[in-house]
Structures are given as C-alpha cells and as structure tokens.
Amino acid sequence: MFSPRVVSLVPRTGPRRFMSTASKLTTVEVNDKTGIATLTMCRPPVNGQNLELLLDIKSSIKEIENDSSRGLIITSASPKVFCAGLDILEMHKPDQQRLRAVWTELQNVWCALYGISMPTAAAINGHAPAGGCLLATACEYRVMVPDCRIGLNETQLGIIAPKWLVSGFLNILPKRVAERALTQSRLFTTDEALQEGLIDEIANSKEEAVEKCAAFIGTFSKVNPVARALTKLQFRAENLRQFHKEREQDVENFLSLVNRPEVQKGIGAYLEGLKKKKANKQ
Ligand SMILES: CC/C=C\CCC/C=C/C(=O)SCCNC(=O)CCNC(=O)[C@H](O)C(C)(C)COP(=O)(O)OP(=O)(O)OC[C@H]1O[C@@H](n2cnc3c(N)ncnc32)[C@H](O)[C@@H]1OP(=O)(O)O
C-alpha cells in the first residue's frame, strides 16, 4: 500500500551510479547530482511485457523506492518503442499458471508505480500502446518523441481494460474522450496526445525527453516531500483502494476472458497481422 517516505532535500554530489537489478531486462541509473533514478526497460525488440520483464520492472521500482531517490523516470532502451504492452505470446495458447502470474505482476507493477510517493515521469521515446500506455499514465508527467503512438487499444485484441488499468488514463483525459478512445481502440499520435493532454510535452530525442522529465521532477525541490506525497495519495487513494478490493476477481476475469475461444482466435489473428506487417516491410 501507499506509504509516503521522507526524502532529504540536500542535493547529492558525485558521479552517476547503477543500482543492482534482478536481471538485464531493466537497468536503474541514479544521477547522484539530482538524486533522480532512471529505470530503463531493455527487452528487445519492443519491451513486450512477459513475466520476467514485469517481475524485473517491479523489483527495480522497489529498489528505487528503498533507495529514497528524488524521483523516478521510466524509459526504454529500444530506439523506436517505449513498450509494446503485454507480450501477446503470453496470452496466446497460454500456460494457465504463467498467465495468472503475468496478470498478477502487471497489477503489481501498476500498483507500485501508481502508488509510489516520489515524483514520477515517463520519457516516452517510442510507441506506447496498451501496457506501454499503462506505465506512462501511472506516472505524473509524460514527455514523448514525435511521430509515435500511445493509447489503450485492448479492444482491438478482444480484451477489456479493467477499471484500475484505465484509472491513470482517466486522471488525465476527460471521461468522454477516454470512453471514446477506449471503445475505438484509439492510438493517439504524439501531436494528438499533446493536444488532448495525454502527454505534457514533446521532445526531439530520448535524451531531451529525459531532461524534460528531470526538469519536471526538479520543480518539487522546494516542496515539502511528505506534504507532496500525502497530496499525491489524496488524489490516488480511491483508485488504489478499489483496485485492492477487486484485484483477485480481476485476475479471474482476465483468465476467463483470455481463454475464451473467440478471444484466442482474435489474439492469434492479431499476432499473424504483426508478422505479416513485418514480412511486408522486408
Ligand atoms: C480483463 C482484462 C483484460 C485485458 C487487459 C489487457 C491489458 C493489456 C493488454 C496489452 O498490453 S495487449 C498488447 C497490445 N499491444 C499491441 O497491440 C502492440 C502491438 N505491436 C505494435 O503495434 C508494433 O509492434 C509497435 C509496438 C508499434 C512497434 O512497431 P515496429 O514496426 O517497430 O515493430 P514490429 O511491429 O515489426 O514488431 C517487432 C517484433 O515485435 C513483435 N511484437 C510487437 N508487439 C508485440 C507484443 N505486444 N507482444 C509480442 N510481440 C510483439 C512483432 O511481432 C515483431 O516480432 P518478429 O520480429 O518476431 O516478427
């Protein structure tokens, strides 16, 4: 559950350091001057969220939280993709135990990122559909590079994004825009996302996006961290409470939905479409 932590306001000095990470699927780099930690997802080619990546993101978030960093920036090592969402292979003809674990870990990642007390920002250096959009919208601030797409396109796969998953989206967009976007499986271009308020700024490169995220986090340097954390909680507590109340039922709903023959057929066709797209590119 959400527990605000007191963070020192004294700036740190010294070189950048790397925290230990559970595996190589994420890296965490702390800028010792600013105290801001950058969590980078590194599962090529598109940071598909399989079980191992989700476990790794969760443990990196916990590590950053325990280190009392000044803030957290999430980004990707892939040149064109921030995160392509759930690894569709985890949902296609799934192993039931693993599928259960995947969904539980997606819940855990969302809960850890959405409920963390320190300032958070996403440097969206590429496309961010579905689970990628989930990560970005769990953060407090978003900076995106041009010519990319972001949104919750779950209905395209025949699956339904549950309430907790949509709550970050609803923190940002008017309900009417959110409802239409979800029912239409809309992926917003960078320009559209800025216009609708789904992202806060555009940056010309990943480096610039990270800098802009750090500048946002820097705006809190003179704000009392406990007051800031409690204020953030005030805005997010109801969604978190609701999530905890429903999380077990939500796993059952997900499993039953994904196992439906017509959904399996849809996921299979979607995967085929992705493969064909690649073949057409070659
Ligand atoms: C009760 C609740 C139920 C449900 C809630 C569900 C919540 C979350 C759901 C999800 O996250 S579902 C996943 C949705 N994701 C997508 O629809 C994205 C699909 N991918 C794309 O649109 C594109 O790949 C891209 C991200 C825009 C990148 O395009 P690009 O041209 O750069 O790459 P390419 O398409 O050639 O892909 C490279 C490679 O990666 C494979 N790939 C892509 N996305 C996924 C994925 N999500 N899972 C697994 N694999 C993916 C693609 O097939 C290519 O593989 P190949 O090299 O082996 O052919």
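**Chat about the ligand shell and its helices**

Trainee: Which helix gives the most to the shell around the ligand?

Mentor: α10 does, with four residues. Keep in mind that this is a predicted model.

Trainee: And which helices each supply at least two residues of that shell?

Mentor: α2 (88-91), α9 (225-258) and α10 (261-281).

Trainee: Which residues come nearest to the ligand?

Mentor: Of the 30 residues around the ligand, G85, L86, A130, G131 and I159 come nearest.

Trainee: How does the shell divide into nonpolar, polar and charged?

Mentor: You get 18 nonpolar residues, six polar and six charged.

Trainee: Switching to L152, where is that one?

Mentor: L152 sits in the loop between β8 (149-151) and α5.

Trainee: Buried or exposed?

Mentor: Buried, because L152 has 25 C-beta neighbours inside 10 Å, and the cut-off for buried is 20 or more.

Trainee: What does L152 touch, leaving out residues up to four places away in sequence?

Mentor: A130, C133, A161, V166, F169, A181 and L182. A130 also turns up among the residues that come nearest to the ligand.

Trainee: OK, α5 and α9. How do their axes cross?

Mentor: They come within 10 Å and cross at roughly 170°. Angles over 145 degrees count as roughly antiparallel, so that is what α5 is to α9.

Trainee: Which residues meet there?

Mentor: From α5 it's K163, W164 and S167, and they meet N239, Q242 and F243 of α9. The residues of that contact divide into two nonpolar, three polar and one charged.

Trainee: What about α3, how does its span check out?

Mentor: Helix α3 (residues 96-114) has 19 residues, so at 1.5 Å a residue it should span 27 Å; the end C-alpha atoms are 27 Å apart, which agrees.

Trainee: Which of its residues are buried, and what covers them?

Mentor: The buried ones are V102, W103, E105, L106, Q107, V109, W110, C111, L113 and Y114. The cover includes α1 (51-66), α2, β5 (120-124), α4 (131-138), α5 (163-172) and α9.

Trainee: Which residues other than glycine have a positive phi?

Mentor: N47 is one of them, with phi near 55°, and K93 is another, near 45°. N47 is in the loop between β3 and α1, while K93 is in the loop between α2 and α3.

Trainee: Are those two buried or exposed?

Mentor: N47 is buried, with 29 other C-beta atoms within 10 Å. K93 is exposed, with 9.

Trainee: What is the peptide bond from P44 to P45?

Mentor: Cis, with omega near 0°. P45 lies in the loop between β3 (36-41) and α1. Most peptide bonds are trans.

Definitions and conventions. Residues numbered from 1 in each chain as written. Predicted model: local features only at pLDDT ≥ 70, side-chain atom pairs only at ≥ 80, totals over all residues. Near = placed C-beta within 6 Å. Nonpolar A, V, L, I, M, F, W, Y, C, P; charged D, E, K, R; others polar. Expected span 1.5 Å × (residues − 1). Buried ≥ 20, exposed ≤ 12 C-beta atoms within 10 Å, placed from the backbone. Contact = placed C-beta atoms within 7 Å. Axes fitted to C-alpha atoms, helices over the stretch in contact; angles between N-to-C directions. Parallel < 35°, antiparallel > 145°, perpendicular 65-115°, else oblique.
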